[in-house]
Amino acid sequence: MNNKIILGTAQFGTKYGINNHTGKISKGKVFEIFETAILNGIDSLDTAEAYGDCYDLIKEFNLSNNFNFKLYSKLNSKNLHSIKSLNEYLLRSLDYLNQEYFEGYMFHSYEALKNYPYFYDDLLKIKEDGNIKNIGVSVYTNEDLNDIFNNYDQFDFIQAPFNLL
């Protein structure tokens, strides 16, 4: 069952969370969490370039421990307008992270999908080329979810960012 759990990393690179009163987690604590995850069969991370220095921490941990987490990452909504080639952008990210492919890659929000719909086709092509195994989108409302179900049938997963625990 643990192989179905994906560890979120937003607080590893930023001061994230409605109840976060302590700020960003220290590198030492992040590495402890990574080690505990691995020991408990959790090998997948939900991350994003927008999560501060989280990519740096993942890369450093993976290289120093001869390990590669399966990464589910997101398009950075803040710089989508400046991306000329999504494939080149993703290849640079993979190279930086020392990863062969993203296990999953998604739109950070439904709004990003609607504002940049051509990236949907780009992600499908990149998936076909093998640099992404699964594509998805993060949704925040039932209306978003209904539109995804009705108009985007090739997403492999949908992220609903709330904590069930």
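This is a predicted model: local features need pLDDT of at least 70, side-chain atom pairs count only at pLDDT 80 or more; totals for chains, interfaces and linings use all residues.

Trainee: Which residues of H3 are called buried, and what makes them so?
Mentor: They are Cys54, Tyr55, Leu57, Ile58, Phe61 and Asn62. The word applies because each has under 20% relative accessible area.

Trainee: Why are they said to be on the same side of H3?
Mentor: They cover an arc of only 165° around the axis, which puts them on the same side. In general, an α-helix has 3.6 residues a turn, so residues three or four places apart point the same way.

Trainee: What covers the buried residues of H3?
Mentor: The cover includes helices H1, H2 and H4, together with strands S2, S3 and S4. Just after H3, asparagine 66 takes a positive phi of about 50°.

Trainee: How do you know that the span of H2 agrees with its number of residues?
Mentor: Its 13 residues should span 18 Å at 1.5 Å a residue, and its end C-alpha atoms are 18 Å apart, which agrees.

Trainee: Which residues of H2 are buried, and why are they said to line one face?
Mentor: The buried ones are Val30, Phe31, Phe34 and Ala37. Seen down the axis of H2, they fall within an arc of 120°, so they line one face of the helix. They pack against strand S1, H1, S2 and H3.

Trainee: What makes a set of residues a nonpolar core, and how many are in the largest one?
Mentor: The residues must be buried and nonpolar, and joined through side-chain atoms within 4.5 Å. The largest such core has 43 residues, and among those with the most contacts inside it are Phe34, Leu90 and Leu123. Beyond its neighbours within four places in sequence, leucine 123 is in contact with Leu75, Leu86, Leu90, Tyr105, Phe107, Ile132 and Ile135.

Trainee: How do you know that the radius of gyration of the chain agrees with that of a compact globule?
Mentor: With 165 residues, a compact globule would have a radius of gyration near 15 Å; the chain has 16 Å, which agrees. Of its residues, 44% count as buried.

Definitions and conventions
Residues are numbered from 1 along each chain as its sequence is written. Side-chain values use heavy atoms; hydrogens and water are left out. Buried means under 20% relative accessible area, exposed over 50%, partly exposed in between (1.4 Å probe, protein chains only). Helices (H or I, at least four residues) and strands (E, at least two) are DSSP runs, numbered from the N terminus. The arc is that of the directions from the helix axis to the C-beta atoms. Contact means heavy atoms within 4.5 Å. The expected span of a helix is 1.5 Å times one less than its number of residues. The radius of gyration is taken over C-alpha atoms; the globule rule is 2.2 Å times the number of residues to the power 0.38.
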